[in-house]
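Subject: Handover of a structure and the findings from it

Dear colleague,

Please find below the structure that I am handing over to you.

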Amino acid sequence: MSYWRWLWLAFKMIYQLLCCSVSLILFCFNVFWLFCNLAIPWCTLTLLVVCIASKFVKLQRSPNEKRLLSLLSTEEDWPSYWAIANRAAGFDAPENSKAGIKKCLARGYRNVLLDAGLSSCGEIVVANPQRLNVAQPLAELQKLNITEQHPMGSQYEAESVPSLRQLSDFLDTEAAQATVFLRLHDNSARMIDQLQKFMTTDETFTQRTVVISRSPLAIYQLRKLKPEIICGLWHETYLSLAILKSSTLITSIYGAILRNIIAPVIGISVVFLSKEEINLHIADLWRNVGVRPIVYMVNSPNEKRYFQKTMKIQYLTDSLRSEPHLLMKA
């Protein structure tokens, strides 16, 4: 009798397990049905509202397209048209230095990208905060010799960290043909306010400068205060984000929102994209919304030739010595 009793209990447990499993499956199905019929339409409606709202709050892009083209230069300036010297070609000369800017211009390259940070006293300084602690008074920063940090620093005269005013004066007197891409490392309200005030008082600097930031909000605030400023977005690599690596669909949605909603709202004219995340299709998508793509960081001669000949996209480089046409001359 005990044998049949244990067999009956086992059968009863298996039956209850099956019933629980079916109930769990039905519950999951009902939750999925609820999500499909309620959540997705609400998400779609929210996205539609955001798209409509963006049409009313968006800022105008570059107020003068000819001015933007004159800053970036045209194909008639080939081959110097392609390269933008990162930190004034920081591999060839001290980073963010006047000597580096002079060297770029002497080689025939007028597009330079410089870093901008905010000192503790509220002055905008031209320095890379990742290598130099800018959170100190300007007087202390200008005691430093930035050429000492470069491997070939002994070949250059001592140079201190310049303020934005000193940089502007230098450009006016010794580098009037230079186009400056000013990359903001500090996107605080204080930085935006100081930069807006400076560019309001120095129209010449405004005319030759493209302000670059990784913060869409900072760009929006700056252009809202002074719409004639040409701005660009520094797009950090999104492959480092696990959620974007997990799904091609999520990556596509993210890119579409960035290009078709955020870019028109903040009114950017250029976008800096990682070379690992760009192809002809993505480049065309940015061009279709009126934004010029620029690739970073491109240092190999073969890569430079690829972006010149195939992609036809300007690029950011740390060294001008590896430009293909210069190597061919050598």
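Among contacts in the protein chain between residues at least 6 apart in sequence, what percentage join residues at least 24 apart? The share is 62%, where contact means heavy atoms within 4.5 Å.

Two remarks on the source are needed before the details. This is a predicted model, in which local features need pLDDT of at least 70 and side-chain atom pairs count only at pLDDT 80 or more, while totals for chains, interfaces and linings use all residues. Residues are numbered from 1 along each chain as its sequence is written, and side-chain values use heavy atoms, with hydrogens and water left out.

**The chain as a whole**

The protein chain has 13 helices and nine strands. Helices (H or I, at least four residues) and strands (E, at least two) are DSSP runs, numbered from the N terminus. Of the 330 residues in the protein chain, 45% are buried. Buried means under 20% relative accessible area, exposed means over 50%, and partly exposed lies in between, with a 1.4 Å probe and protein chains only. The accessible surface of the chain comes to about 17,800 Å², and 62% of this belongs to carbon and sulfur atoms. Such areas come from the Shrake-Rupley method with a 1.4 Å probe, and for residues only the protein chains shown count as cover.

Strand E4 spans residues 179-184, and six of its six residues are buried. In a regular strand the side chains alternate between the two faces of the sheet. In E4 both faces are covered: Thr179, Phe181 and Arg183 are buried on one side, and Val180, Leu182 and Leu184 are buried on the other.

E4 runs parallel to strand E2 (residues 111-118), to which six bridges join it. One of the partners in E4 is Thr179, which is bridged to Asn111. E4 also runs parallel to strand E5 (residues 209-213), with four bridges between them. Here Phe181 stands opposite Val210. Two strands pair if DSSP finds at least two bridges between them.

Thr209 is found in strand E5. Because its relative accessibility is 0%, Thr209 counts as buried. The side chain of Thr209 reaches the backbone oxygen of Phe205 at 2.6 Å. A polar contact is a pair of N or O atoms within 3.5 Å; within protein, one must be able to donate a hydrogen and the other to accept it, and residues adjacent in sequence count only if both atoms are side-chain atoms. Leaving aside neighbours within four places in sequence, Thr209 is in contact with residues including Val180 and Leu182.

**Strand E1**

Ile84 lies in strand E1 (residues 83-86). With a relative accessible area of 0%, Ile84 is buried. Not counting residues up to four places away in sequence, Ile84 touches several residues, among them Asn111, Phe181 and Tyr315. Ile84 and Tyr315 are 231 residues apart along the chain, yet their C-alpha atoms are separated by 6.1 Å.

**Aromatic rings**

How many aromatic pairs does a search of the whole structure find? The search finds six. Rings of Phe, Tyr and Trp (its six-membered ring) pair if their centres lie within 6.5 Å; planes under 30 degrees apart count as stacked, over 60 as edge-to-face and the rest as tilted. The ring centres of Tyr81 and Trp82 are 4.7 Å apart and their planes are at 70°, so this pair is edge-to-face. Tyr306 and Phe307 also form an edge-to-face pair, at 5.2 Å centre to centre and 70° between the planes. Tyr306 is partly exposed at 40%, whereas Phe307 is buried at 4% relative accessibility.

Phe181, Trp234, Phe272 and Tyr296 form one aromatic cluster. The charged end of Arg183 sits over the ring of Trp234, 3.8 Å from its centre. For this, NZ of Lys or CZ of Arg must be within 6 Å of the ring centre and within 35 degrees of the ring normal.

**Two residues with positive phi**

Most residues other than glycine have a negative phi. Arg87, which is not a glycine, has a positive phi of about 55°, and Lys312, also not a glycine, has a positive phi of about 55°. Arg87 lies in the loop between E1 and helix H3 (98-106) and is buried at 11%. Lys312 lies in the loop between helix H12 (301-311) and strand E9 (314-317) and counts as exposed at 52%.

Yours sincerely
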